[in-house]
Amino acid sequence: MNGIVIMDKPAGVTSFKALGIIKKAYCTKRVGHTGTLDPDATGVLPVLIGKATRAAELVTASDKEYIARVRLGVKTDTDDLSGQILAQAPVDVSESELLKAAESFVGEIEQIPPMYSAVSVGGQRLYDLARKGIEAERAPRRVTIHSIEITDIALPEFSMRVSCSKGTYIRTLAADIASKLNTFGALCALRRTRCGVFSLQDAHSPDEIAANPAAYLRSTDSLFSDFPSINLDERMSRLVKNGVPAYFDGNEGETLRVYDNNADFIALSKVCEIDSRLCLKSIKTFY
């Protein structure tokens, strides 16, 4: 069993539990998700099955989009309203100030991962340390915020649609925007609306998947549908399958979906210059 399933993860389900649902539905043990969603968060969670798990790092590295509801004036230990309230503050903010503060975070920024996250420090998950009341020192990480659209303003709450790079913590972004406004901030709700090429239109509930698993299993190559494809002859297919760079008259730097002489998807490859000649070099094989 190989392929990908796009789950619309419900609130209250951990990403780990979501994997269990897929394992049971498809009677397999070899599964992996492509980016953890907080237990209270909902939305697009691609789950890879079988040989498709080889693509996990590629999908995890893709851009994401979220819709978040933020409440100003509240600070919690988890940076969302599921946590313990640590402090509250008045909110004296205009809509124009909010828009300006949010816009200042567009671009490449640094974030300090929240204590309630899966980041490892000294071999321990931050959330495990946080549950023990231990505050660990965390190095800032560089992420890219492609866009922030502020919507549905009803202060002290507002919603925002965020397009961002991998590794972005929306809880941290909300708290940082609030700090820019000289107050606190915590998430009321978070929904991932896009992960790589997949959106909510592609996602299905756990109940739908469990009821008809075959209907929602996508082919592995659907992960890379935004790249052009090529079909190789038997000789070239054999080279690619064996991990040997094959001379190829293409466009240098182009990434391609590669199919063999039987039209089976075998690799994601890149056109590179090797020994002054253009070659097809595999990024990841899937045969």
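I'm on a predicted model, so I keep to its rules: local features need pLDDT of at least 70, side-chain atom pairs count only at pLDDT 80 or more, and totals for chains, interfaces and linings use all residues. Residues are numbered from 1 along each chain as its sequence is written, and side-chain values use heavy atoms, with hydrogens and water left out.

**Exposure of E57.** I looked up E57 and got a relative accessible area of 56%, so E57 is exposed. My cut-offs are under 20% for buried, over 50% for exposed and partly exposed in between (1.4 Å probe, protein chains only).

**Salt bridges.** I count a salt bridge when a side-chain nitrogen of Lys or Arg is within 4 Å of a carboxyl oxygen of Asp or Glu. That gives me 11 salt bridges. E57 has one with K284, at 3.3 Å from N to O. The two are 227 residues apart, with K284 in strand β18 (residues 277-285) and E57 in helix α2 (residues 56-60). Helices (H or I, at least four residues) and strands (E, at least two) are DSSP runs, numbered from the N terminus.

Next I checked R142 and E110, whose side chains meet in a salt bridge at 3.1 Å, N to O. R142 is in strand β10 (residues 141-154) and E110 in strand β7 (residues 107-111), so this pair ties together parts 32 residues apart in sequence. E110 is partly exposed at 47% relative accessible area.

Which residue forms a salt bridge with D260? I find K241, with the closest N and O atoms 3.4 Å apart. D260 sits in the loop between β16 (255-259) and β17 (265-274), and K241 in helix α7 (residues 234-241), 19 residues apart. D260 is buried at 3% relative accessible area, while K241 counts as partly exposed at 27%. I also noted a network of salt bridges linking R69, R71, D152 and E157.

**Helix α1.** I took residues 15-26, which make 12 residues. The helix reaches 17 Å from first C-alpha to last, close to the 16 Å expected at 1.5 Å a residue; the expected span is 1.5 Å times one less than the number of residues. Its buried residues are S15, A18, L19, I22, A25 and Y26. Why do they end up on the same side of α1? They cover an arc of only 125° around the axis, taken from the directions from the helix axis to the C-beta atoms. The face turned away from that buried side carries the exposed F16, K17 and K24. For packing I used contact as heavy atoms within 4.5 Å, and the buried residues pack against β1 (3-9), β2 (31-33), β3 (42-49) and α6 (206-211). C27 follows α1 and has a positive phi, near 50°.

**Rings.** Rings of Phe, Tyr and Trp (its six-membered ring) pair if their centres lie within 6.5 Å; planes under 30 degrees apart are stacked, over 60 edge-to-face and the rest tilted. I get 4 aromatic pairs. Y259 and F265 have centres 5.5 Å apart and planes at 55°, so that pair is tilted. Y259 is buried at 9%, and F265 at 13%. F265 also pairs with F286, stacked at 5.3 Å centre to centre with 20° between the planes. Ring pairs link F224, Y259, F265 and F286 into a cluster.

Last entry: the charged end of R277 sits over the ring of Y247, 3.7 Å from its centre. My test was NZ of Lys or CZ of Arg within 6 Å of the ring centre and within 35 degrees of the ring normal.
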